[in-house]
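Subject: A structure for you to look at

Hi there,

Here is the structure I promised to pass on. Have it open while you read, and my notes on the ligand and its pocket follow below.

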Amino acid sequence: MTTDPNCLFCNIIAGRIPSALVYQDDQVFAFRDIHPQAKQHILLLPRQHIVSMTELSHEDGPLLAYIYETALKIAQEQGIEQSGYRVVTNVGPNSGQTVFHLHFHILGGEQLGLFGAAH
Ligand code: 5GP
Ligand code: ZN
């Protein structure tokens, strides 16, 4: 499996940097965001080092399906499935992506704001 020793999230997955673990298995890893933007803010990522959505291709279909399946499982376990939540991935400069290891934000636990342009 591809990993990058200089990548923050690869180091979190490897346990070299501590995190508040929410879920892990052989394909994915989920932990609480250090700067939560909502009462519940979890980051869900593939163990494999993929920079962002731009690197995905048709072959990644099963992995993506598994990520969404896991996001649903996490939402259920965290008790936010009925109240609602948002799953979002940032891609590149205009999105504000700061960590270049594909990850999905799971946000919920309270009413979320609108999202779009920053003005
Ligand atoms: P991005 O802006 O790339 O979509 O999301 C990166 C996220 O990673 C941000 O929400 C940021 O708060 C979070 N983050 C950055 N460094 C750390 C860290 O060391 N630990 C944890 N748990 N989250 C981090
Ligand atoms: Zn990585």
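A word on classes before we start: Ala, Val, Leu, Ile, Met, Phe, Trp, Tyr, Cys and Pro count as nonpolar, Asp, Glu, Lys and Arg count as charged, and the others, Gly among them, count as polar. Please also keep in mind that this is a predicted model.

Let's begin with ligand 1. It is surrounded by 16 residues, and the closest are Arg32, Asp33, Asn90, Thr98 and His105. Sorted by class, this shell holds seven nonpolar, seven polar and two charged residues.

Which atoms of the protein and ligand 1 pair up?

On its own, ligand 1 has 520 Å² of accessible area, and the protein covers 83% of it.

Where does ligand 1 sit? You will find ligand 1 in the largest pocket. Two elements, α1 (8–13) and β2 (28–32), each give two or more residues to the shell around the ligand. The largest share comes from α1, with three residues.

The largest pocket holds about 830 Å³ of space. Its lining is made up of 32 residues, and those nearest the centre are Asp33, Gln37, His41, Asn90 and His105. Two or more lining residues come from each of α1, β2, β3 (40–46), β4 (85–88) and β5 (104–108). Here, too, α1 gives the most, with three residues. By class, the lining has 15 nonpolar, 14 polar and three charged residues.

Happy exploring!

How values were computed
Residues are numbered from 1 along each chain as its sequence is written. Chains are lettered from A and ligands numbered from 1 in the order in which they are written. This is a predicted model: local features need pLDDT of at least 70, side-chain atom pairs count only at pLDDT 80 or more; totals for chains, interfaces and linings use all residues. Side-chain values use heavy atoms; hydrogens and water are left out. A residue is near a molecule or strand if one of its heavy atoms lies within 4 Å of it. Accessible areas come from the Shrake-Rupley method with a 1.4 Å probe; for residues, only the protein chains shown count as cover. On a 1 Å grid over the protein atoms alone, a cavity is a set of points where a 1.4 Å probe fits but cannot get out, and a pocket is an open set with protein on both sides within 12 Å along at least five of seven lines; lining residues have an atom within 4 Å of a point. A molecule sits in a cavity or pocket if more than half of its atoms lie within 2 Å of its grid points. Helices (H or I, at least four residues) and strands (E, at least two) are DSSP runs, numbered from the N terminus. Grid points are joined across faces, edges and corners, and a volume is the space filled by probe spheres set on the points.
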